[in-house]
Amino acid sequence: MGEAPNIPLLTPYKLGNFNLCHRVVLAPLGRLRSYGEVPQPHAILYYSQRTSKGGLLIAEATGISDTAPYPDAPGIWTKEQVEAWKPVVDAVHAKGGIFFCQLCHVGRVSNQDFQPNGQAPISSTDKGLDGAQFTPPRRLRTDEIPQIVNDFRVAARNAIEAGFDGVEIHGAHGYLIDQFLKDEVNDRTDQYGGSLENRCRFALEIVEAVANEIGADKVGIRLSPFADYMESGDSNPKALGLYMAESLNKYGILYCHMVEPRMKTIGEKSKSPDSLVPMRKAFRGTFLVAGGYDKEDGNNAIVKNRADLVVYGRLFLANPDLPKRFELNAPLNKYNRDTFYISDPVVGYTDYPFLEDSTA
C-alpha cells in the first residue's frame with residue numbers, strides 16, 4: 001500500500017480472530033431504505049462499495065423484534081429478513097471485509113402506528129418524548145425484561161446464520177438500552193432502576209446472553225454515555241461510562257465502541273472538557289471511537305493510543321473508498337445531509353463517486 005505504513009490509520013490490527021488491514025471502520029448508519037423492514041438488493045451494492053480487504057464494517061441499526069424497528073430500518077427477527085441479509089453479507093466477504101450486524105431496539109423512539117396491533121412502544125419508563133411523531137411509551141414490567149433480553153439473543157443467533165462475523169449491541173443514542181442506562185429517562189423502582197448498577201443491569205444481561213449464544217469473541221457494544229440524543233442524558237456520564245467499561249471486562253467481549261463527548265447532539269460537534277481516555281484505560285478489549293473524526297484526528301487517536309480503531313460515518317458515506325483516499329491524501333467528496341434518510345435506492349446511497357470516477 002505504498003506509503004501506508006506511515007499513516008497510523010492504515011496500519012494492520014488484530015481484532016480478536018480477525019486480521020484487519022487498516023483501522024478505518026464503517027460506522028453503523030441508519031439509511032432507512034429497507035422497505036417493509038427487509039434488507040433490499042440495493043444494500044448489496046451500498047455495503048460492497050464501502051468494503052476493502054481487511055476492513056471492518058458495522059451494519060446499520062437492525063431491529064431485533066417486531067416491537068423494535070423504525071419504518072424502513074432493516075430487521076433480523078424473521079426468516080425472510082435473515083435470507084435477505086445473506087447476499088449483502090456475501091458481497092462484503094467476497095471483497096475481504098469483516099461485517100458486524102448492529103442489533104437495535106428503539107424503545108420509546110417510536111409510534112404506535114409502527115407497533116404490532118397498534119400497541120404503545122415499550123421503554124424503561126412511561127415518560128414520552130416531545131414531538132407529535134412519538135407515542136407515549138409503556139413501561140416494561142420487571143417480568144417482561146427477560147423476554148427482551150432473549151430477543152437480543154435470538155437476533156444475534158440470526159445474524160450469525162445470515163453470515164455476519166459478529167454483532168454490535170446498540171446501547172447508545174437514546175434507544176431502548178440507553179433508556180435504561182440514563183438517569184434522566186430511567187425512573188424505575190425495581191432492580192433495573194435507581195442505582196448505577198441497577199440501570200446498567202439490562203445492558204449487561206443482554207451482553208451476557210448474546211456472548212453466551214454466539215461467543216464473546218464475536219460481540220461488541222456501542223455506548224454514548226455523554227450524549228443527550230432523544231432526551232436521554234445522564235447526570236454523571238463519566239461514572240456511567242467508566243462503570244460500563246469496567247463491567248464489560250467480565251464478559252470478555254471483543255470490543256467497546258464509544259461516542260466522543262463532543263457529540264452531544266446528532267451531527268453537531270462541540271467543545272467538551274470530557275474524554276473517553278478513562279474508559280479506554282478501563283476496558284481490556286479493543287476500543288473503538290466515533291464522533292466527528294477526520295483523517296488527522298483519527299491518526300492522532302491511534303498514535304496517542306486513545307483508540308485501536310476509528311469509526312467514520314458521514315465521511316465514509318460520502319467516500320465509499322475512504323481508506324484509499326486517506327492513503328493517497330486525496331480530496332474528499334462532501335456529504336449531502338438532505339439525502340441521508342430519503343428512501344431512494346440510489347440517490348445519497350450508492351451514487352457517491354469513487355476516486356477513479358473523478359480522475360477518469
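This is a predicted model: local features need pLDDT of at least 70, side-chain atom pairs count only at pLDDT 80 or more; totals for chains, interfaces and linings use all residues.
Residue numbers count from 1 along each chain as its sequence is written, and side-chain values use heavy atoms, with hydrogens and water left out. Local features need pLDDT of at least 70 and side-chain atom pairs count only at pLDDT 80 or more, while totals for chains, interfaces and linings use all residues.

**View 1. Arginine 31, a buried charge without a salt bridge.** Let's start in the loop between β3 (24-26) and α1 (42-49), where arginine 31 lies. Helices (H or I, at least four residues) and strands (E, at least two) are DSSP runs, numbered from the N terminus. Arginine 31 is buried, and "buried" means under 20% relative accessible area, "exposed" over 50%, and "partly exposed" in between (1.4 Å probe, protein chains only). A salt bridge needs a side-chain nitrogen of Lys or Arg within 4 Å of a carboxyl oxygen of Asp or Glu. Here the nearest side chain of opposite charge, glutamate 60, is 6.4 Å away.

**View 2. What does the side chain of arginine 31 reach?** One backbone oxygen, from glycine 348, is 2.8 Å away, and another, from phenylalanine 340, is 3.1 Å away. If you skip neighbours within four places in sequence, the residues in contact with arginine 31 (heavy atoms within 4.5 Å) include Tyr46, Leu317, Ile342 and Tyr349.

**View 3. A nonpolar patch on the surface.** Ile342, Val346 and Val347 make up this patch, and together they have about 190 Å² of accessible area. Such areas come from the Shrake-Rupley method with a 1.4 Å probe, and for residues only the protein chains shown count as cover. Patch members have over 30% relative accessible area and no salt bridge; like charges are joined within 9 Å, and nonpolar side chains (Val, Leu, Ile, Met, Phe, Trp, Tyr) within 5 Å. Look for valine 347 in the loop between α10 (322-328) and α11 (355-359). Valine 347 counts as partly exposed because its relative accessible area is 34%.

**View 4. Leucine 181 and proline 225, two buried residues.** Leucine 181 sits in helix α4 (residues 176-181), and proline 225 in the loop between β10 (219-223) and α6 (237-248). Leucine 181 has a relative accessibility of 2%, so it counts as buried; proline 225 is buried too, at 5%. Leaving out residues up to four places away, leucine 181 touches Asp234 and Leu240, among others, and proline 225 also has Asp234 and Leu240 among its contacts. Proline 225 and alanine 172 are 53 residues apart in sequence, yet their C-alpha atoms are 7.5 Å apart in space.

Technical notes:
Lys and Arg count as positive and Asp and Glu as negative; His and the chain ends are not counted. A polar contact is a pair of N or O atoms within 3.5 Å; within protein, one must be able to donate a hydrogen and the other to accept it, and residues adjacent in sequence count only if both atoms are side-chain atoms.
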